[in-house]
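Reader: I have a new structure to study. Please take me through it in short steps.

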Amino acid sequence: MISVEDLHKQFGDHQVLRGITTRVQPQEVVVVIGPSGGGKSTFLRCLNGLERPTSGRIVVVGQEITNPKTNIVNVRKQVGMVFQRFNLFHHLTALDNITIGPRQVLRMPADEAESLARSLLAKVGLSGKENSYPDQLSGGQQQRVAIARALAMRPQVMLFDEPTSALDPEMVGEVLQVMKDLAREGMTMVIVTHEMGFAREVADRVLFMDDGCIVEEGQPDALFAHPQEERTRVFLSKVL
Amino acid sequence: MNAWHTAFVQLPLLLHGLLRTIEFSLVAAVVSVILGLIAALCKLSRFGVLRGISTVYVEIFRGTPLLVQIFYMVFALPSIMPLNAWFGQDLYPIIGVSAALALNEGAYVTEIVRAGILGVDRGQREAAESLGMTGYQTMRHIILPQAFKRMIPPLVNQFAQTIKDTSLVAPVGVVDLMYQGQITVAQTYAAFSIYTVVAALYFIVIFAVSRLANYLERRLQIDQR
Ligand SMILES: Nc1ncnc2c1ncn2[C@@H]1O[C@H](COP(=O)(O)OP(=O)(O)O)[C@@H](O)[C@H]1O
Ligand SMILES: [Mg+2]
């Protein structure tokens, strides 16, 4: 589903990713953890072309995004992204936030897009909020609309960049629940998060990233219980 | 005859001039918003040529006096091409001053539009692009609608400025409120009363427009909370 080979990214002369190699299988849930500034967001943003890698090779849903000839729009259509700060379109209602992608990008008829949006809002537990604007919704509700917006494109993969970090604690659960449901349905997901309990529960594999490298990876139980690397141990002792 | 009475008798003429002033202002406002939008998009484009053209346009029209631009349009250009013949002796000066006003205001509107677009949170663009929207779709459906909302108060303020600027069409003999004032004063010698009325008429319109801008600005601030 996703294959990354020797990915490097630098901003100016600042090396942010120093040779990332990994694969994500269909239906796999990969959780990325690590200290802030370690390059997790940059890694995720390279996977849908929001950042352009300095070198390396990335293939997502069969398309090599590092090849300049690839039309990045075709990749993005199939890769959903959820941001830390939701980034809902402020001038559109919850319903229109969800329909705009299918309508503009997939050329879906209005009535079809609307019924899709209603069913997705129901799925994330927000029936009745169709006509609310983002500013009228709580953080947790906004993030659930943002997930529905990404799902409306019927993506093959979902990327989450710290989806609960900007939320008040009492709203974290409702967003994680939606993500757990997705995982159970077999959605392929790459999730950057600091929610270790959640990682333990849903991850098939955990990557620990620090200083632009994957320091260690493994199944959640093994990695959390018996980290092999000193840096992983230090990080886990701070967050667990 | 009492000077104020003279001014009162001349009021219909002055009001006719005011109407022309408002017409010039509206035409300049509409055209300048279109020009400003195009120039701002060029300025933010990834193509250097477009950025260059737009920068030269803005710098020239902000870097020279409007009165000079009006003289240039009305007297300089017709001396090297037959604009008067093409548009007619009577019509060309009106077209010329309208073009000068629109181009001049357009240079200021460019900066307003540019600031409006840059003021939209970067996350909005990223969210749109991550859905697979093209640059055009992102601009048209996501960025511009939000930018436009922020642009309305400064655009209305700019419109108040435009109304003042139109008085510079009088020196080239094009009829507006200022020109009507000059003509009536020449005929009646009631300079004090007539220019007072002229100033009052400008003030009423401009004051109303700037109050509107203030009101819109306050409402926008409430919206953004
Ligand atoms: N657009 C950018 N320009 C310059 N430096 C950046 C940019 N984006 C991220 N960085 C830098 O890259 C490093 C990694 O950032 P990031 O990928 O956001 O890490 P994380 O998500 O793990 O906290 C940080 O030092 C950050 O300052
Ligand atoms: Mg980050």
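Reader: By class, how many nonpolar, polar and charged residues does the shell around ligand 1 have?

Author: A word on the basis comes before the count. This is a predicted model, where local features need pLDDT of at least 70 and side-chain atom pairs count only at pLDDT 80 or more, while totals for chains, interfaces and linings use all residues. Residues are numbered from 1 along each chain as its sequence is written, chains are lettered from A and ligands numbered from 1 in written order, and side-chain values use heavy atoms, without hydrogens and water. With Ala, Val, Leu, Ile, Met, Phe, Trp, Tyr, Cys and Pro as nonpolar, Asp, Glu, Lys and Arg as charged, and the others, Gly among them, as polar, the shell has three nonpolar, seven polar and one charged residues.

Reader: Which element gives the largest share of the shell around ligand 1?

Author: The shell takes residues with a heavy atom within 4 Å of the ligand. Among them are Phe11(A), Lys40(A), Ser41(A) and Thr42(A). Helices (H or I, at least four residues) and strands (E, at least two) are DSSP runs, numbered from the N terminus. The largest share, three residues, comes from H1(A).

Reader: Which residue has a side-chain N or O atom 2.5 Å from an oxygen atom of ligand 1?

Author: A polar contact is a pair of N or O atoms within 3.5 Å. For Ser41(A), a side-chain N or O atom is 2.7 Å from a ligand oxygen. At 2.5 Å, the side chain belongs to Thr42(A).

Reader: How many helices and strands does chain B have?

Author: Chain B has 225 residues, and buried ones make up 45%. Its C-alpha atoms fill a box of roughly 75 × 50 × 25 Å along the principal axes. The secondary structure comes to ten helices and zero strands.

Notes. Polar contact = N/O pair within 3.5 Å; in protein donor to acceptor, adjacent residues only side chain to side chain. Buried < 20%, exposed > 50% of the residue type's maximum accessible area, 1.4 Å probe, protein only.
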